[in-house]
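Hello,

Here is the structure for you to look over. My notes on it follow below.

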Amino acid sequence: MDGTTAGAGAGTGPAGDKSGPGWPVLAIDRQRRGSLVDQIVAAIADMVNRRELRAGTRMPSVRQFAKSNGVSTFTVVESYDRLLHLGLLSSRRGSGFFVARGPDAPQQPALVPAGAAVVDALTSDLYSGQSDALPVGAGWLPPEWYGESTLLDAVRHAMKIPAGRLRGYGHPLGFPALRQHMANTLSDELFALDPEQVLLTHGATHAFDLILRTLTRPGDVVLVEDPGYSNLLALVRHHGCVAVGIPRGPNGLDMEALAVQAAATQPKLMFVNTVLQNPLGTSLSQAQAHRLLGLAEQFDFWLVEDDIYRELAARGEASLAAMDGLRRVIRIGSFSKTLSPVLRVGSICASSSLIPELVRVKMLAGLTTSEINERAVLDAVSSRAYRKLVERLVLQLDGARERALERLQDAGLVPLARPRGGLFVSAAFPATQAGAPRSGRQVAEHALRAGILLAPGEFFSLTPPDHAWFRFNVAYAAEPLLLDFLRAQT
């Protein structure tokens with residue numbers, strides 16, 4: 001948010017009595033994108049993450065807040081409700097709303113990702129594909145890169161579903177023929193797999209949600225990569241779990257930090273992007289993967305391997321699922337990166353003992369997944385053209401990535417890592433450079449007004465970055481509009 005200010009006067013600032021009717025007065029901009037609720041939630045989240053609000057601080061009543069900020073009580077109710085779900089506020093019957101944590105709390109990761117203040121404002125544009133802005137921060141590629149004819153042919157073929165299949169909701173595990181195809185392919189390339197060990201989902205994020213619903217309870221510690229996938233960080237908190245970040249850098253995971261945190265926090269599970277990690281684009285070495293499995297065994301926690309970029313990586317990259325045989329590892333897959341995110345088909349591969357409980361939770365949370373989408377995916381991935389499509393996509397990404405690295409450096413940014421494949425490059429303004437912006441969030445808001453969608457480092461981090469950095473989609477990162485904008489920031 002572009003500045004949030006507490007109301008002026010004694011007893012109304014963050015250091016004073018924060019229960020008076022004049023606090024807080026927020027710099028609400030009714031001309032900017034996003035709802036008033038988004039702006040209020042973002043402002044309060046930012047104040048908590050910046051430790052401007054202490055745990056136990058009493059918030060104004062709904063009516064007081066509404067009057068001070070010139071908004072409706074309905075807006076305040078929805079804002080407070082969302083802050084409750086994020087874990088930022090707590091409610092006490094008959095007493096009102098209170099800040100759930102602050103700088104006096106024990107050292108713990110922030111209750112929401114540092115990018116929460118920008119997530120609400122940018123998420124819809126970054127994921128919808130409907131914005132006219134240049135999608136530099138998005139996770140999807142230009143439609144023509146995917147092989148439009150292969151995809152459209154597959155969708156048309158899937159629509160010719162037999163009349164007899166229009167009854168019922170479909171198989172709880174997902175379309176059997178696609179699960180069989182996946183079992184055959186993964187058995188040939190990575191590890192032995194039975195079709196009954198494959199559960200189809202509405203994309204990878206749905207898979208994350210089902211695993212958290214099944215294996216965790218509020219208060220459980222979940223280890224995540226920091227920086228890591230933004231939706232996952234928010235989802236962990238949404239389920240009431242404590243997200244503990246393990247630093248990830250150009251050389252992989254900080255295994256010493258992981259060992260310390262695992263010993264101290266007794267985590268229930270850990271999410272890890274083994275190959276072409278989002279947002280850095282790097283992959284774990286075989287040695288690191290072995291060490292990770294050893295720590296999971298030693299401290300008895302599940303490993304959830306986010307493996308959605310596997311087909312874009314070189315053969316022979318480390319695979320936790322292959323090393324472990326799905327004993328302690330749960331593998332997440334998706335077809336969004338090689339076909340199209342619009343189909344929303346993902347998968348969970350897990351041990352035969354765990355799959356029944358995951359199926360039960362899937363049915364409780366939303367019954368079955370779309371058989372039409374799954375038929376379309378099967379038609380596409382089993383076609384003769386698919387392998388060539390993926391090979392062509394990898395070559396396109398390789399060329400685009402090298403151009404992006406060169407152009408971003410010319411514009412004054414420094415890569416955080418040099419990926420060997422994939423969609424993303426992350427780069428920063430040098431922290432020591434005079435005049436370099438400190439807040440990626442503020443740069444992203446400025447960029448949005450200039451017709452550019454950026455994904456700032458705050459989006460992927462548990463704690464606010466100390467300098468401005470961004471994840472760039474290599475398909476769009478060499479565009480003159482972006483480069484001119486970046487050069488103008490210093």
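Two strands pair if DSSP finds at least two bridges between them. Strands (E, at least two residues) and helices (H or I, at least four) are DSSP runs, numbered from the N terminus. This is a predicted model: local features need pLDDT of at least 70, side-chain atom pairs count only at pLDDT 80 or more, and totals for chains, interfaces and linings use all residues. Residues are numbered from 1 along each chain as its sequence is written, and side-chain values use heavy atoms, without hydrogens and water.

Four strands make an open, antiparallel sheet in the order 11-12-14-13. Strand 11 (414-415) and strand 13 (455-456) are the edges, each pairing on one side only. Strand 11 joins strand 12 (residues 424-428) through two bridges. Val414 has Ala428 as its bridge partner there. Helix 14 (residues 384-410) packs on the sheet, touching strand 11, strand 12 and strand 14 (469-473); contact means heavy atoms within 4.5 Å.

Strand 14 pairs with strand 12 over five bridges. One pairs Ala428 with Trp469. Strand 13 joins strand 14 by two bridges, and Ala455 is partnered with Arg471. Five of the five residues of strand 14 are buried (under 20% relative accessible area, 1.4 Å probe, protein chains only). Trp469, Arg471 and Asn473 lie on one side, Phe470 and Phe472 on the other.

The helix pair. Helix 9 (residues 255-265) and helix 10 (residues 286-299) have axes, lines fitted to C-alpha atoms over the stretch in contact, that come within 10 Å and cross at roughly 10 degrees. The two helices are therefore roughly parallel (angles under 35 degrees).

Best regards

Notes: Axes fitted to C-alpha atoms, helices over the stretch in contact; angles between N-to-C directions. Parallel < 35°, antiparallel > 145°, perpendicular 65-115°, else oblique. Buried < 20%, exposed > 50% of the residue type's maximum accessible area, 1.4 Å probe, protein only.
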